[in-house]
Amino acid sequence: MISSQNLNYDVPAPKSGLLALPIKFYKRVRSLPMSGQIGVLILIFVLGTALIGPLLVPHDPVSQSLINRNKGFSAEHWFGTDAFGRDVFSRLVVGTRHTILLTSSALLLSAGLGILIGLVAAYNRSNWVDSLICWTMDILLTFPMVIMGVVVVAILGQGTLNVGIAIAVAFLPRMVRMSRGVALTLVTSEFVEAARAIGASPSRIVIRHLLPNVMIEMSSISTLWLATAIKTETSLSFLGLGVQPPTPSWGLMVREGLSTLYINAWPSLLPVIAIFITIIGLNLVVDGTQDSLNPHTKDH
Amino acid sequence: MARMIFTRLLLMFMAMFVVVTAMFFGIRLGGTDPAIAIQGSYATAESIAFLRASLGLDEPLWQQYVMYMTGVLTGDLGVSLQNGRPVLEQILLVLPNTFDLTFWGMIIGVVVGVPLGFASAIKRNTFWDQVIRVGTLASISMPPFIIAYLLLIIFAITFSMFPVNGGGDMDILSSRASHLFLPAMALGLAVAAYIARLTRTSILEILSKDFIRTARAKGVSEFRVMTRHVLKLSWVGIVTLIGIYSAVSVGGSVAIELVFGRPGVGRLVIGAISQGDFTMLQGAIIFYAAFVSLVNIIVDVTYTFLDPRIRYT
């Protein structure tokens, strides 16, 4: 008889204390190449801005002022004002939260749905359910991301929530394919076989056995797509399909600034820089982690 | 081969049928009411009801659907709900503009991207490799409309080298080309960055293959290894990229048309959404879907010529 003490595998006890997690994170970050570390710094800055920035902004991002239109940089308005006399700095900071929150929640939604559909497809790999799912996803996949977003917005109407759904739908086929691929390698493995042998129902196998394993893989893959999601969100809000004026978002600020390019380019140039810095930060992190993981590109 | 093309075309039509059907019902059940969109929010209930009736929006949904689908099959995409002109006519009017943009965008993407990726792979981990990698990373980190915006600010506004706005006169070559240059460049640079990075990876992978080592071991010159062994194999991957990124460039063209104020299918779509112009929207999406599917089929056919290992039966 094996007592429960004997099953005590040699798992190192987590270091107690508040600092354990930050230290682990710091060590992980330091193991990245230089460019990846810069990327992490950029991301921390952007996330911090998104989280606490809107609480600290000096001006109301939507309050207009006719006498203060198109002003340059000053102590009062750090990044000047736009064509409606609104403070560009405040709009930029509030827009950060909008973009980050919208894209990450859209990706979460997409990953959740996509993983489930992918698992169902993988579990039914030999019958029509899988074929139907794959075929549908292939059709969706032929549409460019922005066009998919446009179609979804056309159906649901303009607005922030609908752009979120549009991004989620645009990423759905990619999520389904990935999770199906991951799950296919698991479905034939012994622990699934064992679960089936002791009479577990299909839904139990999918949710209790496959899902946790696929989740780990998918969480890192989803992060890779955050950059693409931000590009899609800014494109859609640039097209005027997302958040409606006067609420600020990066894409919309670029769009609004286009009409005053000759007078004052800053209200549109600054969000461009913000988009660029954010995505380059994400790409640097992704590049760094991939380089240190991929044996093919590592020593070439 | 002929059979494969036939099956793919059939699948393409089935897929487009599904897409159009989903669009048709989705938009009518969830989209903006075009009668309200046309008359504005101050319109009276009677005038909206009258407009709905005259647009044919009061008919049962399935009847509208059957009418629309028979129209599509005979090449009639209906009339725009906004201005009453035939949808097909309006799309064909601006299609050359959009085609110019995506076609030349792709050409620039391939012509710039493939050599860059090749150079980067051959000179790996040297100074030039780093320059190319940083440059392409920067380009990937911008949505195409932002590249377009920066080109617009630098070359059209600051240096006044190119026209700022519009599509130019399509019949005069110089005007057409000068209006096309910056938008196509923006699209091309966006695509080139992806193509360069993926070309680099695929060539590095080919370089680590056994037959390359064999070729070098038996004394084949480095130039010959590159041209006869590496380049020949890498074409398969590059053609795939062209297929994938022609879809991306179609997506990018929508926002780029807006930045440069070019007439095009993308502008029609954006206008149609805000005005609740269902028929125009459906027509434009049909065009996009057909374009993307056709490119995919052409890519699949090209494979068989490039890689003798791939054979369709």
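**Tour of a predicted two-chain model**

Start with A:Asp130: this residue is buried, with a relative accessible area of 5%. The model is predicted. A:Arg180 counts as partly exposed, at 21% relative accessibility.

Next, select A:Arg86 and A:Glu256. Their salt bridge has its closest N and O atoms 3.3 Å apart. A:Arg86 lies in the loop between helix H2 (34-56) and helix H3 (88-123) of chain A, and A:Glu256 in helix H10, so the pair ties together parts 170 residues apart in sequence. A:Arg86 is buried, at 2% relative accessible area.

Go to chain B. Pick B:Glu89 and B:Arg85, which meet in a salt bridge at 3.9 Å, N to O. Both are partly exposed: B:Glu89 at 44%, B:Arg85 at 36%. Over all chains, the structure holds 8 salt bridges.

Last, show the interface. Here 39 residues of chain A contact 49 of chain B. The chains bury about 3900 Å² between them, 76% of it on carbon and sulfur atoms. How many salt bridges cross the interface of chain A and chain B? The rule finds 0. It does find 5 residue pairs in polar contact there. Colour H11(A) now: it gives the largest share of chain A's side, 11 residues. That side divides into 26 nonpolar, 9 polar and 4 charged residues.

Technical notes
Residues numbered from 1 in each chain as written. Chains lettered and ligands numbered in written order. Predicted model: local features only at pLDDT ≥ 70, side-chain atom pairs only at ≥ 80, totals over all residues. Heavy atoms only, no water. Contact = heavy atoms within 4.5 Å. Buried area = accessible area lost by both parts, 1.4 Å probe. Salt bridge = Lys/Arg side-chain N within 4 Å of Asp/Glu carboxyl O. Polar contact = N/O pair within 3.5 Å; in protein donor to acceptor, adjacent residues only side chain to side chain. Helix = DSSP H or I, 4+ residues; strand = E, 2+ residues; numbered from the N terminus. Nonpolar A, V, L, I, M, F, W, Y, C, P; charged D, E, K, R; others polar. Buried < 20%, exposed > 50% of the residue type's maximum accessible area, 1.4 Å probe, protein only.
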